[in-house]
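Subject: Structure handover

Hello,

Here is the structure you are taking over. Please open it first, then read the notes below it.

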Amino acid sequence: MARIYSFEGNVPVVHPTAFVHPDAVLIGSVDIGPGCYVGPLASLRGDFGHIALRAGSNVQDGCVLHCFPGADTVVEEDGHVGHGSVLHGCRVGRDSLIGMKSVLMDGVVVGEQAFVGAGSFVKSRFLVPERHLVAGSPAKVVRELTADEITWKGNGTAQYQKLAQRCLTGLHPAEAATERAAAPAPARPGEPEHVTLHAYRSR
């Protein structure tokens with residue numbers, strides 16, 4: 001389990017079906033819902049306000065979630081937050097995707113099934129429309145998403161939900177080997193391999 005810290009009587013709450021990496025940090029008023037995945041080096045710091053991950057959402061490696069006093073930072077059901085992103089006092093809507101290395105400032109609301117492009121800076125109080133892509137620095141509305149793009153996102157989130165369950169039983173501290181005894185394991189038979197959006201479109 002992660003490094004867990006109580007702060008002024010507030011103890012983080014982690015659902016037993018969620019996976020939080022041992023090198024992640026949870027402080028104070030933090031709720032992690034069923035089936036969530038929290039990656040290594042993520043920091044969820046509920047010392048001023050409240051941090052909540054709803055069921056099936058994921059926050060990947062190196063993300064930071066925080067907020068001003070009295071505010072909340074919330075990732076709704078099936079929300080997907082890419083590596084290295086910063087969420088501060090914002091709300092990520094159900095089934096939405098936050099691209100890697102994005103920054104979402106205070107008061108931002110991401111609508112349901114919306115995408116924030118990788119590396120975007122989303123200014124305070126910006127409203128991301130449902131089922132739309134925003135991107136850039138500062139982020140602007142680019143276009144409406146296609147049904148294929150939303151399906152692709154759902155597949156990726158499902159892979160993280162499966163990964164959370166796999167990690168609960170399959171992740172263990174280990175010493176490095178000096179050589180590989182067998183070929184790396186392939187993708188699990190019968191499961192759709194999650195690929196880049198470009199590769200998905202070319203199928």
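Strands and helices here are DSSP runs, numbered from the N terminus, with at least two residues (E) for a strand and at least four (H or I) for a helix. Two strands count as paired if DSSP finds at least two bridges between them. The model is predicted, so local features need pLDDT of at least 70 and side-chain atom pairs count only at pLDDT 80 or more, while totals for chains, interfaces and linings use all residues. Residues are numbered from 1 along each chain as its sequence is written, and side-chain values use heavy atoms, with hydrogens and water left out.

Overall

The protein chain has 2 helices and 20 strands. Its radius of gyration is 17 Å, close to the 17 Å that the globule rule gives for 203 residues, so the chain is as compact as a globular protein of that length. That radius is taken over C-alpha atoms, and the rule is 2.2 Å times the number of residues to the power 0.38. The C-alpha trace spans about 55 × 50 × 25 Å along its principal axes.

Of the 203 residues, 44% are buried; the term means under 20% relative accessible area, with exposed over 50% and partly exposed in between (1.4 Å probe, protein chains only). Among contacts in the chain with a separation of 6 or more, 15% are between residues 24 or more positions apart. A contact means heavy atoms within 4.5 Å.

An open sheet of 8 strands, with mixed pairing, runs in the order 3-5-7-10-13-16-19-20. Its edges are strand 3 (19-20) and strand 20 (139-144), each of which pairs on one side only. Within that order, strand 10 (residues 80-81) runs parallel to strand 13, with 2 bridges between them. V81 stands opposite I98 in strand 13.

Another set of pairings involves strand 6 (residues 43-53). It pairs with strand 4 (residues 25-32) in the parallel sense over 7 bridges, and I27 stands opposite R45 there. Strand 6 also runs parallel to strand 8 (residues 64-66), joined by 2 bridges; S43 has V64 as its bridge partner. With strand 9 (residues 72-75), strand 6 makes 4 bridges, again parallel.

Strand 9 in turn pairs with strand 12 (residues 91-92) in the parallel sense over 2 bridges. V75 has V92 as its bridge partner in strand 12.

The largest pocket

Grid points are joined across faces, edges and corners, and a volume is the space filled by probe spheres set on the points.

The largest pocket holds about 450 Å³ of space. It is lined by 24 residues, and L97, G99, M100, A118 and W152 lie nearest its centre. Which element gives the largest share of the lining? Helix 1 does, with 6 residues. Strand 13 (97-98), strand 16 (115-116), helix 1 (147-170) and helix 2 (197-201) each supply at least two.

By class, the lining has 11 nonpolar, 9 polar and 4 charged residues. Here Ala, Val, Leu, Ile, Met, Phe, Trp, Tyr, Cys and Pro count as nonpolar, Asp, Glu, Lys and Arg as charged, and the others, Gly among them, as polar.

Two glycines

G99, one of the residues nearest the pocket centre, is in the loop between strand 13 and strand 14 (103-104). At 10% relative accessibility it counts as buried. Leaving aside neighbours within four places in sequence, G99 contacts G82, S85, V116, G117 and A118. Its C-alpha atom is 16 Å from that of F126, 27 residues away along the chain.

G35 is in the loop between strand 4 and strand 5 (37-38). It has 15% relative accessibility and therefore counts as buried. With neighbours within four places in sequence set aside, its contacts are T17, A18, G56, S57, Q161, A164 and Q165.

Regards

Conventions: 1 Å grid on protein atoms, 1.4 Å probe; cavity = no way out; pocket = protein on both sides within 12 Å on 5 of 7 lines; lining within 4 Å.
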